[in-house]
Amino acid sequence: MTFYVENNTEKEFSFSMEDIFKEVAEAVLEAESCPYEASVNLLLTDNKGIRDYNKEYRGIDKETDVLSFPNLDFKQAGGFAAAEEDEADCFDPDSGELLLGDMMISVDRVAEQAAEYGHSERREFAFLVAHSMFHLCGYDHMTEAEAAVMEQKQEAVLERLGIVREA
């Protein structure tokens, strides 16, 4: 699997963002039984940067914590068969990896939300990666039922990795 990270900030954490990204992303793909080797891109930005992207791509002029841009058009969440239907656009011709999509995380929001929720920045960052990865796997949270499924899946992955909320 290939994980690309671009950091457009000066922010440093007490943990390796790249290692957590890879660990959580792999755990999500395993939990979803992804049948392919995959490639995922992560852009680390600040509040201003994510606000600009949110405005440009979603028409929402405000900052957010994470943005996800899936490459697959899932008919069913976690149904990777959609990739085979559009093979030319879904797989890297050189590596053969599934081009799952891109995510953007505001490192400012990682710090702010960790403080707000009373847990570590590592836990918040891992949560946002899991959240975005499930979006890249076709999940959403537009309804209460969808949100409940996504929340359960996120927590299960983080618990399995031992990245839990501190008491």
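Helices (H or I, at least four residues) and strands (E, at least two) are DSSP runs, numbered from the N terminus. The legends below describe a predicted model, in which local features need pLDDT of at least 70 and side-chain atom pairs count only at pLDDT 80 or more, while totals for chains, interfaces and linings use all residues. Residues are numbered from 1 along each chain as its sequence is written, and side-chain values use heavy atoms, with hydrogens and water left out.

**View A. The loop between α2 and β3, with Ile 60 and Asp 61.** Ile 60 is located in the loop that links α2 to β3, and Asp 61 has its place in the loop between α2 and β3 as well. Ile 60 has a relative accessible area of 31% and is therefore partly exposed; here buried means under 20% relative accessible area, exposed over 50%, and partly exposed in between (1.4 Å probe, protein chains only). Asp 61 is likewise partly exposed, at 43% relative accessibility. With neighbours within four places in sequence left aside, Ile 60 is in contact (heavy atoms within 4.5 Å) with Arg 51, Asn 54 and Lys 55. Asp 61 touches Arg 51 and Lys 55, again without counting residues up to four places away in sequence. From Asp 61 to Ala 147 the C-alpha to C-alpha distance is 23 Å, for a sequence separation of 86 residues.

View B. Why is strand β4 described as largely enclosed by the rest of the structure? Seven of the nine residues of β4 (residues 98-106) are buried, so the strand is largely enclosed. Strands are taken to pair if DSSP finds at least two bridges between them. β4 runs parallel to strand β2 (residues 38-45), to which eight bridges join it; in this pairing Ala 38 stands opposite Leu 98 of β4. With strand β3 (residues 66-70), β4 pairs in the antiparallel sense over five bridges, and Pro 70 is placed opposite Gly 101 of β4. In a regular strand the side chains alternate between the two faces of the sheet.

View C. β2 is mostly covered, with seven of its eight residues buried. Strand β1 (residues 2-7) pairs with β2 in the parallel sense over six bridges, and the bridge partner of Phe 3 in β2 is Val 40. Asn 41 belongs to strand β2 and is partly exposed, at a relative accessible area of 31%. Apart from neighbours within four places in sequence, Asn 41 is in contact with Tyr 4, Phe 21, Gly 101, Asp 102 and Met 103. The C-alpha atoms of Asn 41 and Glu 56 are separated by 19 Å, and these residues are 15 apart along the chain.

View D. Ser 33 lies in the loop between α1 (17-31) and β2. Its phi is positive, about 55 degrees, although Ser 33 is not a glycine. Most residues other than glycine have a negative phi, and most peptide bonds are trans. Ser 33 is exposed, with a relative accessible area of 56%.

View E. On a 1 Å grid over the protein atoms alone, a pocket is an open set of points where a 1.4 Å probe fits, with protein on both sides within 12 Å along at least five of seven lines; lining residues have an atom within 4 Å of a point. The largest pocket holds about 660 Å³ of space, the volume being that filled by probe spheres set on the points, which are joined across faces, edges and corners. Its lining comprises 29 residues, of which Arg 58, His 131, His 135, Asp 140 and His 141 lie nearest the centre of the pocket. The elements that give two or more residues to this lining are α2 (47-58), β3, α6 (121-136) and α7 (144-161). β3 gives the most, with five residues.

**View F. Cysteines without disulfides.** The whole structure has zero disulfides, a disulfide being a pair of cysteine sulfur atoms within 2.5 Å. The closest cysteine sulfur to that of Cys 90 is in Cys 34, 11 Å away, which is too far for a bond. Cys 137 is in no disulfide either, and the nearest cysteine sulfur, that of Cys 34, is 6.6 Å away. Cys 90 is buried, with a relative accessible area of 3%, and Cys 137 counts as buried at 0% relative accessibility.
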